[in-house]
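Keep the picture beside you as you read.

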Amino acid sequence: MAELSKYCPISDIAFENRDDVETAFRRLFDPLSDIFSEGCARVRLEHSASFCDVVSADLEGFSRPLWGLVPYAAGGGKFEHWSLYHKGLSNGTNPDHSEYWGEPEDLEQRLVEFAAIGFALAWIPEQFYDPIPDSEKVHIKEYLLKVSEKRYPVTNWKWFHVFLTTGLRKINANYDHNITERNLHDMDTYYLSDGWYGDGPQKYTIDYYNPWAFHFYGIMYRRLCPEDTERSDLYVERARLFTKEFKHWFADDGGALPYGRSLTYKFCCGSFWGALAFADLEFLPWGVIKGLYLRHLRWWAHQPFSRANTGIMSMGFSYPNQIVCERYNCPGSPYWGFKIFLPLALGADHPFWTAKELPMPMERDAILKVPGMVISQYPKNTIALVSGPHQQGSYVRFQGEKYCKFAYSTRYGFSVEVNDRSFDDATLDNMIGFSEDGMGIRIRTDLKARISGKVLYSSWYPWSDVSVQTWIIPKGQWHIRVHKIASARNLISVEGGFAIPAMIARNLMKIHTSAHSSCVVGEEDFSGIVDLTETRSVKVNFPEPNTNMMFAKTAVPQLRGDIKANEVTTFACAVIANPDISILENDWRTVPDMPTDTELQAYLDTSTPVLSD
């Protein structure tokens with residue numbers, strides 16, 4: 001048995017069966033029971049803040065654990081703290097109580113948290129609601145009905161209203177069915193194709209809100225509202241198509257591809273696989289689905305996501321790190337990850353739990369046209385090359401880094417830029433960055449993307465008078481990037497390979513450079529970049545700490561080159577990285593050739609838009 005780590009409260013769990021998953025839920029919930037406020041309506045894990053008010057943040061801490069508690073209880077799990085939720089639900093909805101959650105308003109963060117409460121009302125009213133005195137149920141209903149009448153933004157949030165009203169229906173509250181119907185209709189307009197939804201008014205945001213929101217809720221809706229067979233059948237078919245694509249986002253060690261916003265929700269990345277089981281949807285053999293689910297939890301059992309001996313889930317991804325979080329993330333936000341526990345609602349005799357765990361066959365160069373990805377799976381590492389849908393500036397912090405890098409990896413994640421006053425220190429892993437004066441940094445954030453077979457193309461403008469065309473071409477473990485830059489100004493550029501862990505002393509990291517290549521070798525990992533145009537200088541950069549999603553300290557091989565005004569500059573490089581230090585003696589010696597201009601034009605001529613250009 002593995003030893004329990006003070007930095008990971010589930011590190012000693014093998015995650016081989018249902019009992020192990022139950023143990024993980026209890027281990028993660030138990031520290032919360034002592035943090036409920038006196039009136040039990042608020043759970044404040046620490047004193048950091050988000051853009052919402054403090055009451056909304058405390059409500060997150062109260063409601064989000066319900067995503068795990070509801071299936072745990074529904075599946076027969078014994079819970080000793082129901083009085084916290086009975087008292088908290090009553091006091092939070094009572095306008096005369098000091099812990100009142102406040103008057104609900106249109107479009108506010110508070111609306112999010114009533115989805116989990118609606119789920120609890122709909123699925124386990126006997127434990128969650130029925131024991132509350134009838135006199136207190138009056139103001140609970142009144143408050144939740146007020147919430148149901150508020151306006152939700154044009155995003156996946158409309159599902160939160162649907163879940164709230166499924167709970168209101170269960171407790172016989174007279175809500176406006178027309179609002180629910182409109183929200184369900186609106187969410188159908190977000191659907192694109194091949195199982196993918198695009199979030200937001202322009203439907204350009206494609207990320208984990210597909211598996212853990214649109215599909216997760218659609219699959220659950222099938223169980224909560226079985227009478228709506230037409231919609232349920234539609235959601236099931238879309239989820240079937242999505243399964244074929246989403247399986248490529250995982251590595252054989254259970255790691256999921258860090259990509260996009262809200263990654264502080266941690267193992268919510270794997271919640272889709274549990275939702276398939278919950279809805280009895282065997283889109284892959286049960287053993288394969290079970291393997292994807294359990295391996296993901298095993299991967300998290302090796303991550304130091306908690307502070308010493310607290311058992312509290314921290315903000316950040318694989319380790320405590322608020323730098324990479326969104327402005328809407330609160331200390332209670334990570335408990336959205338409790339969606340992973342949904343299959344605990346199933347009995348131990350369900351085929352999901354009884355099936356023999358099976359591996360997921362590794363594939364190379366899987367083409368995902370809608371999100372603009374070409375994905376290859378290697379031992380302990382899955383790499384996605386990306387020229388995704390047209391991304392516009394948004395409320396997401398580090399939007400360019402989270403959506404617009406050239407490559408993402410389950411092993412190496414991605415890094416964010418925290419110091420735009422020092423271009424020399426920029427991380428720029430799997431990006432090319434430009435600067436006029438060595439201080440400010442411009443990167444790919446807003447692009448038009450196209451795809452030709454397994455070759456990705458994008459056009460983008462770091463300034464209005466600087467255009468960049470980028471081709472990304474997979475070549476085995478390598479991939480090639482070509483940039484054609486037409487600039488009206490003199491610029492300097494830095495382009496990086498993958499950021500690998502550098503948690504050991506710097507002098508123990510092995511660095512190899514030549515005139516046109518640089519690579520770095522760590523304890524288990526290799527990362528290298530080769531300048532195919534032989535016009536740039538080389539270096540290995542050790543970026544600022546706590547800028548990477550996976551590791552607190554990293555090393556990145558880089559190329560630096562100059563761009564002259566009123567000329568077209570071509571840069572090309574070959575990039576390789578994997579947790580395999582033998583690359584230094586084999587693949588590193590066989591660098592792929594740079595494509596010709598004729599080949600590049602042929603790729604462009606045969607390409608089609610990713611969504612729309």
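## Spaces and packed helices

Strand E4 gives four residues to the lining of the largest cavity, the largest share of that lining. Before we look further, please keep in mind that this is a predicted model.

How many cavities of 30 Å³ or more does a search of the whole structure find? The search finds five. The largest cavity has a volume of about 110 Å³. It is lined by 16 residues, and those closest to its centre are Tyr 378, Ile 383, Leu 385, Gly 476 and Trp 478. Strand E4 (373–378) is joined by strand E5 (381–386), strand E11 (478–487) and strand E19 (567–578) as the elements that give two or more residues to this lining. Sorted by class, the lining of the largest cavity holds eleven nonpolar residues, four polar ones and one charged one.

Now let's move on to the pockets. The largest pocket has a volume of about 590 Å³. Look for Gln 303, Arg 411, Pro 501, Met 550 and Phe 551, which lie nearest its centre among the 21 residues that line the largest pocket. Its lining is made up of ten nonpolar, five polar and six charged residues.

The second largest pocket holds about 380 Å³ of space. Which residues lie nearest the centre of the second largest pocket? They are Phe 51, Gln 109, Trp 157, Tyr 328 and Tyr 395, out of 22 lining residues. The lining of the second largest pocket counts 13 nonpolar, three polar and six charged residues.

Next come the helices. Two packed helices are described by the angle between their axes and the distance between the axes.

Begin with helix H3 (residues 66–74) and helix H5, whose axes come within 9 Å and cross at roughly 10°. Because angles under 35 degrees count as roughly parallel, H3 is roughly parallel to H5. On the H3 side, the contact is made by Leu 66, Trp 67, Val 70, Pro 71 and Ala 74, while H5 brings Ala 115, Ala 116, Ile 117, Phe 119, Ala 120 and Trp 123. By class, the contact of H3 with H5 has eleven nonpolar residues, with no polar and no charged ones.

Helix H5 (residues 114–123) also packs against helix H7 (residues 134–148), at an angle of about 125° and with the axes 12 Å apart. H5 and H7 are therefore oblique to each other. The crossing of H5 past H7 is left-handed. Here Phe 114, Ile 117 and Leu 121 of H5 meet Tyr 143, Leu 144 and Val 147 of H7. The contact of H5 with H7 has six nonpolar residues and no polar or charged ones.

Finally, turn to helix H9 (residues 177–188) and helix H11 (residues 229–246). Their axes come within 13 Å and cross at roughly 30°. That angle makes H9 roughly parallel to H11. H9 passes H11 in a left-handed crossing. From H9, the contact takes in Glu 181, Leu 184, His 185 and Asp 188, and from H11 it takes in Arg 231, Leu 234, Tyr 235 and Arg 238. What classes do the residues of the contact of H9 with H11 divide into? There are three nonpolar, one polar and four charged residues.

Note on methods: Residues are numbered from 1 along each chain as its sequence is written. This is a predicted model: local features need pLDDT of at least 70, side-chain atom pairs count only at pLDDT 80 or more; totals for chains, interfaces and linings use all residues. Side-chain values use heavy atoms; hydrogens and water are left out. On a 1 Å grid over the protein atoms alone, a cavity is a set of points where a 1.4 Å probe fits but cannot get out, and a pocket is an open set with protein on both sides within 12 Å along at least five of seven lines; lining residues have an atom within 4 Å of a point. Grid points are joined across faces, edges and corners, and a volume is the space filled by probe spheres set on the points. Ala, Val, Leu, Ile, Met, Phe, Trp, Tyr, Cys and Pro count as nonpolar, Asp, Glu, Lys and Arg as charged, and the others, Gly among them, as polar. Axes are lines fitted to C-alpha atoms, for helices over the stretch in contact, and angles run from 0 to 180 degrees between N-to-C directions. Angles under 35 degrees count as roughly parallel, over 145 as roughly antiparallel, 65 to 115 as roughly perpendicular and the rest as oblique. A crossing is left-handed if the near helix is turned anticlockwise from the far one by less than a right angle, and right-handed if clockwise. Contact means heavy atoms within 4.5 Å.
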